[in-house]
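Below is a briefing on a modelled complex.

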Amino acid sequence: MSESRNPLKARLRRAERMRQWKAFGLIAPLLGFLLIAFVVPIAAMMLRSVHDTELREVWPNVTEAIGGWHDRTQVPDEAVFAALAADIKASYAQKSLPTAARRLNYDLHNGRSLVFGTARKLPDAAENWTEAVISANQRWADPETWGAVARASGPFTGYFLLAALDRNRTATGKIVKSPPEEALFVGVLERTIVVGLAVTGLCLILGYPVAYLLATLPPNRGNLLMILVLLPFWTSLLVRTAAWVVVLQEHGLVNNALIWLGIIDEPVRLIYNEVGVYVAMTHILLPFMILPLYSVMKAIPPGYVRAARSLGATPTTAFVRVYVPQTLPGIGAGGLLVFIMAIGYYITPALVGGAGDQLISYFIAYYTSSSVNWGLASALGAVLLSATLLLYWVYNRLVGADGVKLG
Amino acid sequence: MTATGPQANDPLVRFSGVRKTYDGETLIVKNLNLDIRRGEFLTLLGPSGSGKTTTLMMLAGFEVPTEGEIELDGRSIRSVPPHQRGIGMVFQNYALFPHMTIEENVAFPLMVRGLSRAERSAKAREALAMVKLESLWRRRPAQLSGGQQQRVALARALVFEPQLVLMDEPLGALDKQLREHMQMEIKHIHQSLGVTVVYVTHDQTEALTMSDRIAVFNDGVIQQLDTPQGLYEVPQNRFVASFIGENNTLTGTVEEVLENGFCRVQLSDGHYVTAAAVNIAGAGAATTLSMRPEKVHIEGYGPDHVNRLMGTVKETIYHGDHVRIRLAVAGNPDFVVKMRFRPNRPQPEVGERVAVAFAAEDCHALDAPAESEAE
C-alpha cells in the first residue's frame, strides 16, 4: 500500500538495502570469526562459572531428593539418606565415585575421604538408612555436610563465584567469609590490581618523555627511535622474558656489574620476586604506553606551547598547563591499555615472579590445567573480566569515551 | 601615546646589525637595521622565505639572532626569555588552547601573572567585550568559527596590556570577506588602544590597508621601509614596484641624467622616454622603467603627456568599474592600461594601433635586473 503510494521511498529503501547487504557481506567473515573465537568461548566460560552438573550426573537420586530438604538446621529425612546410599553404591559399581568425591572435596574439608570412607563402610542393606549412613561416617549427622551436597546438586550454583571472592554459603544459605587459611583470591585480586597500577605508573613515567622525544624529533631521527621502540614487538615475548632472567639472575649482568663497581658486596635478589615482575612487565608493556601517547602528541602543534610562552608562561607552566592537558587522551588510552593488559598478564609473572607474586591469571591457568576445577577457573575469569569492565566504566565516567584515542 | 619622558620619542624596538642563519651557510636575515616607533602599526611584508617571520620570531624570543642586537625599550633582550618580554602574540592558526574555555583562554596571561580569579575574570570579559564576543565566554574554541577564534586570540594577546603585539599572518586562514572585515577591526583596535603592532603578512593589500609603515622584505633584506603611499607611489626598486600593486616594466639604458631628478632613457626598441630618476647608477647604465597601469593613458582617452609610445591592442577585459587593456608596447607584450569604463564611448578595438601616454613623474627609472636573472 504505502509502497504504491510512495514509490520513491520504496526505491530508496531497495537501493539502500542492497548497499547494506553488500557492506554486511564484507564484514561477515570477521563477524563470524569473532563470534566463534571470541564471543562463544567467553559466554561458555561465564556459563561454566555458574553451571554445575558434575555431581548431578553421577549421583542423580540424592541431588534430586535433596530438593525436598527444607529445614536446613536439621539433617534431611530418611528418603534423602536412602537416595544417597543408593547413589554411592551405584557410582561405586560404575567407578564414577572419584568424580563425586572430587566435586565434594572443593566445598568440604576432607570431602574426598568422607565419600570414600562412607562407600567402604556402608552396609549392603539397612532398615534405616539414616542411621546406617551416619554410623558409616559421623559427618553425615552435620547439616553443613548436607549443605555442601545441596550446593553441589546444580544445575546452577553461585558456589564458584563466591569461592573466587573468598566467600561461601552455610547450609542455611547465609553468605560468610571463608576461614583465613582458605581465603586466597581476594588477596590475589588485590595484588593483581596493585601490580597493574604500579606497572601502569612506571610505564607512564618512563614512556612520557620517550613519546615526547619521538613526537618532537626531526623525522629521520624520530624514525630511528621509533624502530627502537618497536623492536621489542618483533621479538618473542618468551625470549624477552627469558632475557630478563639472564640479566637479573643472581650472577647476571646487573648483579655482576654492581659488584664490579663496588656498590654491593653480595648479589641482590632481583628476580623471582616483585622486583623482577615490575621490571619485566614494565619493559614489555612500555610500547603500549608510548604509541598512544606518541600519536596524541604528534597531533599537538608546537604553536600552543609557543603561544603560552609568549603570553607570559614559564616553560614549566606552559608544559603543565597547556601541553600535558592536551595529552590526557593519550595518557588515558595508554594507561587503560597497559593496565588491562597488566592485570591479565600470565607468562611474564609466571616466569620471573616468586611463589608469592603470582597474579590472578596464574590461578586461572592452574585451575584450568593442573587442578581441572573449571568452575573455579571460570569464576576467577569472570571476576577478572568484571573488574576490567568496572574499571573501564569508571574511567569512562571520568574521562569520557571520546577521551580515548588509540592510534 | 603620551610624551611623558625624554625617551618617548625613542624607538620601542631597535634591530641593529641583526643576522640570522639556521644552517651556517645561508643567511635568512642579512644585516637588519630597523627602528619600530611607539604606537605605530608596522607591517613586515614579503614573499615566503624572505625573512619576515624569522625577524618576528627573533623579536618574540623563539629564535636567537646569530649576530647583532635587538633592543626593547632601550634594553637588549638577548638574554630575556620569551615569557619575560611582555609581548603579546597572535598566531596564524590562532593557537587557542583547546582544553580551556574562551574565558580561560583569555584569562591565561593573567593567570600566569598571578592575578586573582575575580580580577582575571573581569579583565577577560572586558577584553572579550572589546572584540564583541562577551556572550561566548563559556564555549570551547572548537565551537567557534575561524573569525571568532581569531578575535579571541586577539583579546588574549591584548588582555595583559602589552606595549607591543606581534601578529604572524593572523588572517591567513580566513576567507576574503571575513579577512577584510577583520583588517578594519584590528586597525580600529590598534587606534583605540595605542598599542604598538608588528604585523607579518605576504598579502600586499592587507599591508596597504592596515599599516602606518611597511617594511618590504626580500631575500633577507628590507627593500624599502615607507608609508603605504610612499611604497605605492615611489617604489625604490624593481622588487618593490612589482611586489606592491600592479606594474608595467620596460627596459632601457640611461641616456642622460637631467636636472631636477629626471633622466632620459632609450628603450630597447630605440624610443626615448623621460622618467623620474629614482634608483639609477648613472648615464650609460641599464635601467628598468616602472609605471602603474592607472597612470598610463591611451591617447584620446585622457590628458596628453610628455611620453608617447605606440602599441597594439591585444585584449580588452571588462571589470565593471574599469576596463583593462593589454597591449604590446616597446617589446613588452603584457603592457596593461587601466581606464575608466564609459558605456557611451567606443573602446579601443583588438588589433588597433594606439599611442600610450604617461607623465615623466609617473615613470620611475629603477635598478636593472642583474645579468643572470635577465628575462
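The points that follow are grouped by topic.

This is a predicted model, in which local features need pLDDT of at least 70, side-chain atom pairs count only at pLDDT 80 or more, and totals for chains, interfaces and linings use all residues. Residues are numbered from 1 along each chain as its sequence is written, and chains are lettered from A and ligands numbered from 1 in the order in which they are written.

**Domains of chain A**
- Chain A splits into domain 1 (54-177) and domain 2 (185-404), with bounds from an automatic or database domain assignment.
- Their C-alpha centres are 47 Å apart.
- Domain 1 of chain A puts 7 residues into the contact and domain 2 of chain A puts in 10; a contact requires C-beta atoms, placed from the backbone, within 7 Å.
- On the domain 1 side, helix H10 (residues 159-164) of chain A gives the most, with 4 residues.
- Helices (H or I, at least four residues) and strands (E, at least two) are DSSP runs numbered from the N terminus.

**Interface of chains A and B**
- Contacts link 18 residues of chain B with 15 residues of chain A.
- Strand E6 (87-90) and helix H2 (102-111) of chain B are the elements giving two or more residues to the chain B side.

**Confidence**
- The predictor assigns the complex an ipTM of 0.79 and a pTM of 0.77.
- Chain B has an average pLDDT (the predictor's confidence in each residue, from 0 to 100) of 88, and 96% of the residues score at least 70.
- Residues 1-6 of chain B stay under 50 in pLDDT, and the model has 4 contacts beyond four places in sequence for them.

Technical notes. Contact = placed C-beta atoms within 7 Å.
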